[in-house]
Amino acid sequence: MKNICLLLMLLISFSLFAQETSQSLRTYQGEETKIHDLVHTKLKVDFDFTNSQMHGEVWITAKPHFYPSQYLKLDAKAMLVHQIKKGEIDLEYNYDGNELIINLGYAYTKGQEFEVYIDYTARPEEVKQLGSKAIRDAKGLYFIDPMDTNPDKPTQIWTQGETESNSCWFPTIDSPNQKTTQEIYITVPDRFTTLSNGLLYSQIDNSNGTRTDHWKMSQAHAPYLFFMGIGEYSIVKDHWKGIDVNYYVEPAYKDVAQVIFGNTPEMIQFFSNKFGLEYPWEKYSQIVARDFISGAMENTTTTLHSEMAYQKKGQLIDENTWEDVISHELSHHWFGDLVTAESWSNITVNESFATYSEYLWREYKYGKDHADAHLYEDQDQYMSGDNFNKNLVRFHYANREDVFDGVSYQKGATILHMLRNHLGDKAFFGGLKYYLTKYQFKAAEVHQLRIALEEISGKDLNPFFNQWYYKNGHPKLHISYEYNDLLNSVSVTVKQADKVFQFPLLIDIYESGMLANHTVNVTQKEQTFSFRYNKRPDLVNINANHVLLCEITDDFKSLDNYIFQYNNAKHYIDRRDAILKMAENQDNELAFKTLTKALNDPYYELRILALESINLAGKYKKKEAIKVIEQLATTDPKTKVKGIAVGILGKLIDPIYKPVFSRGMASDSYSVKGNATVAMYDLDKTAALEAMNSFDKDAKEHLAILLTKIYIKENDESQMPFIAKNLLETMFVENFSQYHKDNFEKTFAWIAASNNREAIQNLVTDLVIKGKRYKEYGVDQLSLNLLRKVVEMQTDASNTAKQDLIFIAKKGMADLLE
C-alpha cells in the first residue's frame, strides 16, 4: 500500500495545488495576530448519531490582548448558530460559515474579561477544508459507524484538532498561540466510555438512558489540543507518582494493553529527568480509535492512537512496533503541549523534538546502536523525499498541513542531534530545561529556543541556526585521498556539491592498531586537509561520529578498508555500510568470513542484515556460516533474528532441519512461525498444511498474506473463503511485479466465477472495506472495478444461485458508492 499511496498522494496534491502554489509561496505565513486572549472554554455537548452531528453550548471567557475591541472574531466551521448571548442579552453577529464575528456591545480594554454564550450545532460532514496531505476533509469531529450497522467495527466518536479543525466542533480562536483552560460536559448513551483532557470530575446518570460526564482541565493549553473520545472501551489502569496513567482499548486488546503501553510510566520518569522538568499535567491517558486519519495525536493528557497500535501477543513477542510513536506523543507533553509553536511555520519546536525524543528513549532504554539505527532511518527518510529545498523554519507554504513532513520531523531531529553534539549534553539539556521553564503554558518560536540555549551555553548560536533552521539542504560531499609515503602523509580532499556549508567534520585515522581523532572545519567549496602517519593507515573514516547530516560519496575506500571498518569502527552506520559492501563481494574469502562474523553482531538488526545478505550458494564450502545460522535459528535472544535464520535454513531444502521448522511452526513468535511455515512448505507440504490449519485465529490474521499465497499455490477450494478475505492485501506488497499482478488476476477470476457464496461475500466485503478506508488514495475506484468484474463473471442469469451472488456484488457496489 505504501508505494501506491505515495504516488496517489503526490498526484492528488499536485492537482489540488498546481494553481495556488505559486501565489501561496509568496505569502508570509507568520504568527496569528492576537486581538483577544482566550481564558476559559466551557462546553456542553450531546450527539445526533443519525445525522453525525453534535449539539453544543459553549461559554467562552476572553479578554483583549492589548488594544480595545468591541468585536470578537471566532473560528466556527460549517455550524448552525442558534443563539449568542452575553449574560441575558442577545448579541448581534455575522457568520459566513467559517468565521463568526460577534458585536460585544461596547469596547473592552486590555485585561477586561468577558463571557459569551453560543448555542450551536456542529455539522462535521458539511466541513470542506483541506487536511493532511490535502487529500481529505479535516472535519475535526468524526463519527465511526454511528448507527452500529457494521458488525466488524464498533461505534466511536473522536476528535482531531491539529492543525485548525477543532473549530469544526466548537467556536474558538483556533490558533496555536492561544492558551485556555477548559471543561466539557459530554452526554452519551450510558454504554459508552468518554475521555477528554484533564480529570473526570463527575458522572451523572440521566433518566433517558444517557450519562453526562464532566471533564475539567485546570491548566491552559492550545485549542487544537482539545479532545473527546467516546466508545465501548476497557480501561487498563497504570500510574506514575500518584497520577493516573490509563490505557483505553477495545475489550479484545485488554490483555495486551499493558505490553503495548506498559513502558509509559518509565518514559514519563525518563523524560522528566532528561528535560529537567517533571511531567507537568494532571494525568496521562492513551486511547486507540478506529479509522483515525493519522498515526497518533498528542492531545494534552490524552493521546489518541490509530488502530495500528493494536498488536497481538505473537507480534509483541517479536517487537512492539508502536513504541516509537508512544515515546513521540508523550514527549510532546513538554514540546508542543507545555510550550507550543506560536505558528505552524515554527512547528519544528514541536515535531523535531518529539521525533528526536524517540532517539533519546531508545538510547536510554536499549542502547546507542538501537538509537543510532533509528536516527539513520530518520536521515534516510528525509533524504528520500522531496525535501532538499525546504527550510526547517518555513514562513512560506501553500497549505499549513505541508509543514508536517520529513523536514519538520526527521531532518529536524537530526539537526537537534547535531546541536546536542555542538553544545555538549550538559549545556544542551540545561538549555532545554531553561526554555521549557521560561515558556511553560505559553507559545514560543525558534529564536526563543536559540536564545535559551545561548543563555546557558554562552555561545553565539546564530551561525548554526541561520544555516540549519532558516536555510535548506544539507552538505553533499565528495571525498578523495592522496597518500604520500615519502612524506608519510595523507591528504583528504572534501568537495561540496550544490551548496556550500560550514561545519566541523570528524575524521578518524586508524594506524597500526591506534586511533587518532581529527576535527577539521570545512568552510569552502573545496578544501584539502593533510595528516601525518608513520605507516600507511588501515582506514580513513570521514564523519566518523556520523553526527553531520550529509551525503558522502567516497569512491576511494577499498574492500579491505570496509573489512577493517567492520572490525574496528564501532558506530552502527560504519558496521552497516561494511556489511553491505562485503555482501557485494562474497567471492572474496576474507569478506565472506567477516560477513559470517557479522551474523553475531551485537546489534540484532545488523544480525538480520547479515542474514538477509549472505549467499549460501555452494553450501558445502560455507559450513561455518551455516553453523552460525543454525545457532541463531535456535538460540538467538531476538525472535526476529530467529525467524529470519529459520527462513534462511529453509532455502537450503535440507530434511535435517525439519525438526527446527516443526518447532518453529509451534512458536508463539509470528516471525518464527511465519518463516518456519514457508520453510516447511518447501520441504514437506503435507506437514506444513496440517500445522497451518491448526493455527489460532490471531496467528492466521497476522500471517494472512503468507498463508493466502500458500493456499493459492495449492488451489485449495476449501480455503477459498480465507483466500477471498485476504486476496486484496496480496496486491500491496513491496516490489509488486507482473508476476504478482498475473497471479492476483488469475486468483480473482477463480473466486469471482465460483459458486462459493462465503468466498464471494468475503471478497465483496473486503473490497468495500478497503475501498472506503483508502478512498482518498483511489482504492474505491479499484474496488468498484473489481466488483463489476464479479458481476460480469457471474453470467448465468437463469441460475438462482448465481443471481444471489450477483446481488451480493451489486449490494457491495451500492455500499461503496454511499
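Two strands are taken to pair if DSSP finds at least two bridges between them. In this predicted model, strand 23, which spans residues 476-484, meets that criterion with strand 29: the two run in the parallel sense and are joined over 4 bridges. Within this pairing, Leu477 has Ile552 of strand 29 as its bridge partner.

The pair belongs to an open sheet of 4 strands, arranged in the order 27-24-23-29 with mixed pairing. Strand 27 (526-532) and strand 29 (551-554) are the edge strands, and each pairs on one side only. From one strand to the next, the twist averages 25°.

A further open sheet consists of 3 strands in the order 26-25-28, and its pairing is antiparallel. Its edges are formed by strand 26 (514-522) and strand 28 (539-542); each has a single partner strand, so one side of each is left without a neighbour in the sheet. Direction ignored, neighbouring strands of this sheet are turned by 20° against each other on average. Tyr510 has Leu539 in strand 28 as its bridge partner. Strand 25 and strand 28 also have a helix lying across them, namely helix 13 (residues 559-568), which runs at about 75° to strand 28.

The largest nonpolar core of the model comprises 151 residues, of which Phe47 and Tyr469 touch the most other members. With residues up to four places away in sequence not counted, Tyr469 touches Thr348, Asn391, Leu392, Val393, Ile415, Leu416, Val446, Leu449 and Phe464. Another core, of 86 residues, lies apart from the largest one; Tyr562, Ile563, Ala578 and Val660 are among its members.

Helix packing was examined for one pair. Two packed helices are described by the angle between their axes and the distance between the axes. For helix 25 (residues 738-752) and helix 27 (residues 779-793), the angle is about 50° and the axes are 9 Å apart. The crossing of helix 25 past helix 27 is right-handed. On the side of helix 25, the contact involves Phe744, Phe748, Ala749 and Ala752, which meet Leu786, Lys789, Val790 and Met793 of helix 27.

Terms used
Residues are numbered from 1 along each chain as its sequence is written. This is a predicted model: local features need pLDDT of at least 70, side-chain atom pairs count only at pLDDT 80 or more; totals for chains, interfaces and linings use all residues. Side-chain values use heavy atoms; hydrogens and water are left out. Axes are lines fitted to C-alpha atoms, for helices over the stretch in contact, and angles run from 0 to 180 degrees between N-to-C directions. A nonpolar core is a set of buried Ala, Val, Leu, Ile, Met, Phe, Trp, Tyr and Cys residues joined through side-chain atoms within 4.5 Å. Buried means under 20% relative accessible area, exposed over 50%, partly exposed in between (1.4 Å probe, protein chains only). Contact means heavy atoms within 4.5 Å. A crossing is left-handed if the near helix is turned anticlockwise from the far one by less than a right angle, and right-handed if clockwise.
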